Amino acid sequence: MDLDRTYVVPSYRRYPLELVCGRGSEVTDRDGRVYIDLGSGLAVNTLGFSDPAWCEAVTAQLTTLQHSSNLYFTKPAAQLAEQLCLRSGMKKVFFSNSGAEANECAIKAARKYAELHYPGQRDLIVTLRNSFHGRTLATLAATGQSSFHQEFLPLTPGFESCEPSIEHVCNIVEKGQVAAFLIEIVQGEGGVVVLDPAFVRQLASLAAENDILLIADEVQTGAGRTGKLFAYMHTGITPDIVSTAKGLSGGLPLGATLFGEKTADVLGPGSHGSTFGGNPVAAAGALHVLSRLDDDLLHEVESKSAYIRDTLSSARGIIAVTGIGLMIGIKTVRPAALVIDACREAGVIVLQAKDRIRLLPALNIPWPLLKKAIRVVADAADETGKAASGV
Ligand SMILES: *Cc1c(COP(=O)(O)O)cnc(C)c1O
């Protein structure tokens with residue numbers, strides 16, 4: 001902690017916890033204390049910490065060929081692109097290393113599509129209030145929360161955020177400058193806010209009627225997090241572009257931008273690139289994650305979700321439970337930060353999003369650990385101050 005405070009840029013507010021090793025949904029700190037993890041390193045560790053079969057798949061690739069650059073073909077990335085397309089109906093994939101980069105790629109492709117089809121006319125990307133799309137300058141501009149913008153002006157132009165209401169969106173579309181809509185089906189950083197599926201469908205129709213591209217930012221909601229491979233699959237729509245990252249490789253940096261029929265060939269030779277993108281080790285991790293994300297695991301996500309909601313929505317001190325699958329937001333009477341500290345002191349790691357507690361457990365968290373941890377969350381939320389039961 002001292003080294004970090006001395007030498008690492010203090011851009012993160014860290015919890016006073018140094019994590020040393022983990023297995024499954026349990027993680028150990030430097031004092032040997034074991035915690036049940038309901039955060040998955042921000043929805044990254046899809047299969048928990050150091051899942052044995054995942055480690056084997058990653059290690060096999062690591063000790064065979066760890067990197068090649070995109071000057072050459074490698075099998076893991078090609079197979080991963082195939083899997084992503086077969087399972088989503090999308091046509092082509094571009095690989096990068098993070099969520100922000102996956103969105104940058106989507107934005108570049110949308111700009112290029114508009115320039116090819118409507119030269120000089122459409123340069124606007126419409127996003128939603130309270131959204132989060134990343135920390136690069138373009139994805140910050142896309143992020144519909146001005147608190148992230150201050151001190152970094154001027155941002156990349158060509159973005160406008162609006163309320164999630166079809167009337168507002170129509171008003172903007174009428175100006176004739178809109179190239180794309182960029183939306184999160186569930187706003188994660190925004191407090192686990194689920195968009196109204198009817199609004200999503202209206203937006204998709206509006207996009208299709210006007211040849212506006214619909215981009216789904218599935219950076220947090222991908223990789224089975226919501227009980228389907230991608231959250232848009234709950235709504236019945238098909239986006240033109242899907243960006244994803246966090247949980248895709250189960251703990252290694254990997255971003256992917258998926259392109260549908262209209263956009264599959266927009267980015268031609270030389271138009272975009274990434275040195276690390278599609279790294280064989282990260283791709284091997286993702287291939288393994290996808291092989292595990294079968295119907296059984298996705299059903300388990302649904303039943304664990306139902307258990308969490310049922311248990312917490314009737315608990316004292318809890319005002320509301322939002323989210324889908326294993327992406328859960330909890331509004332408590334007590335301030336979220338206090339509940340989070342109480343959970344940690346009782347041996348359970350949870351996250352915050354805005355004024356809510358956020359749960360993003362590993363999809364394969366064992367039932368007994370989940371039940372124990374949810375009991376702790378319920379006790380910590382109880383404003384009567386009943387001591388949280390230790391784990
Ligand atoms: C986390 C997140 C991002 C940014 O991903 P990074 O990997 O941190 O760049 C973008 N969009 C959404 C919806 C996210 O949750």
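Two strands count as paired if DSSP finds at least two bridges between them. In this predicted model, β1 and strand β2 (residues 26-29) meet that rule with 4 bridges, and they run antiparallel. Arg23 faces Glu26 of β2 across this pairing.

The two strands belong to an open sheet of 4 strands. The order is β1-β2-β3-β15, and the pairing is mixed. β1 (19-23) and β15 (348-349) are the edge strands. Each has a single partner strand, so one side of each lacks a neighbour in the sheet.

## A run of parallel strands

Strands of a sheet pair through backbone hydrogen bonds, either parallel or antiparallel. Here the parallel sense links β5, β6, β7, β10 and β11. β5 pairs with strand β6 (residues 159-162) over 4 bridges. Ile125 stands opposite Phe159 of β6. From β5 the chain passes through helix α6 (residues 137-142) to β6, and this β-α-β crossover is right-handed.

β5 also pairs with strand β7 (residues 178-183), through 3 bridges. Val126 has Phe181 of β7 as its bridge partner. Phe181 is in turn the bridge partner of Leu214 in β10. β7 and β10 are joined by 4 parallel bridges. A further 4 bridges tie β10 to strand β11 (residues 241-244), again in parallel. There, Ala216 is partnered by Val242 of β11.

## Two enclosed strands

How many residues of strand β5 (residues 124-128) are buried? The count is 5 of 5, so the strand is largely enclosed by the rest of the structure. Both of its faces are covered. Leu124, Val126 and Leu128 are buried on one side, and Ile125 and Thr127 are buried on the other.

Strand β10 (residues 213-218) is mostly covered, with 6 of its 6 residues buried. Leu213, Ile215 and Asp217 point one way. Leu214, Ala216 and Glu218 point the other way.

## Helix α12

Helix α12 (residues 367-381) has 15 residues. From its first C-alpha to its last it reaches 21 Å, close to the 21 Å expected at 1.5 Å a residue.

Its buried residues are Leu369, Leu370, Ala373, Ile374, Val376, Val377, Ala378, Asp379, Ala380 and Ala381. An α-helix has 3.6 residues a turn, so residues three or four places apart point the same way. In α12, Leu369, Leu370, Ala373, Ile374 and Val377 are among the buried residues.

## The second largest pocket

The second largest pocket holds about 830 Å³ of space. It is lined by 34 residues, and Asn70, Phe73, Val93, Phe94 and Phe95 are the closest to its centre. By class, the lining has 16 nonpolar, 16 polar and 2 charged residues.

α4 (75-88) and β4 (92-96) each supply at least two lining residues. Which of the elements gives the most to this lining? That is β4, with 4 residues.

Gly273 is 203 residues away in sequence, yet the two C-alpha atoms are 8.1 Å apart in space. Gly273 sits in the loop between β12 (255-259) and α9 (280-292). Its relative accessibility is 52%, so Gly273 counts as exposed, the cut-off being over 50%.

Rolling a probe the size of a water molecule over the atoms shows where empty space is left. The count comes to 1 cavity of 30 Å³ or more. The largest cavity has a volume of about 40 Å³.

The residues that line the largest cavity are Ala43, Thr46, Val219, Gln220, Gly222, Ala223, Arg225, Gly247 and Leu363. The lining has 4 nonpolar, 4 polar and 1 charged residues.

## Backbone exceptions around α6

Most residues other than glycine have a negative phi, and most peptide bonds are trans. The loops on either side of α6 hold exceptions. Asn130, in the loop between β5 and α6, has a positive phi near 75°.

The loop between α6 and β6 holds both Glu151 and Pro154. Glu151 has a positive phi of about 80°. Is Glu151 buried or exposed? At 75% relative accessibility, it counts as exposed. The peptide bond from Leu153 to Pro154 is cis, with omega near 0°.

Notes. Residues numbered from 1 in each chain as written. Predicted model: local features only at pLDDT ≥ 70, side-chain atom pairs only at ≥ 80, totals over all residues. Heavy atoms only, no water. 1 Å grid on protein atoms, 1.4 Å probe; cavity = no way out; pocket = protein on both sides within 12 Å on 5 of 7 lines; lining within 4 Å. Points joined across faces, edges and corners; volume = space filled by probe spheres on them. Nonpolar A, V, L, I, M, F, W, Y, C, P; charged D, E, K, R; others polar. Buried < 20%, exposed > 50% of the residue type's maximum accessible area, 1.4 Å probe, protein only. Right-handed = clockwise from strand over helix to strand, strands pointing away. Expected span 1.5 Å × (residues − 1).
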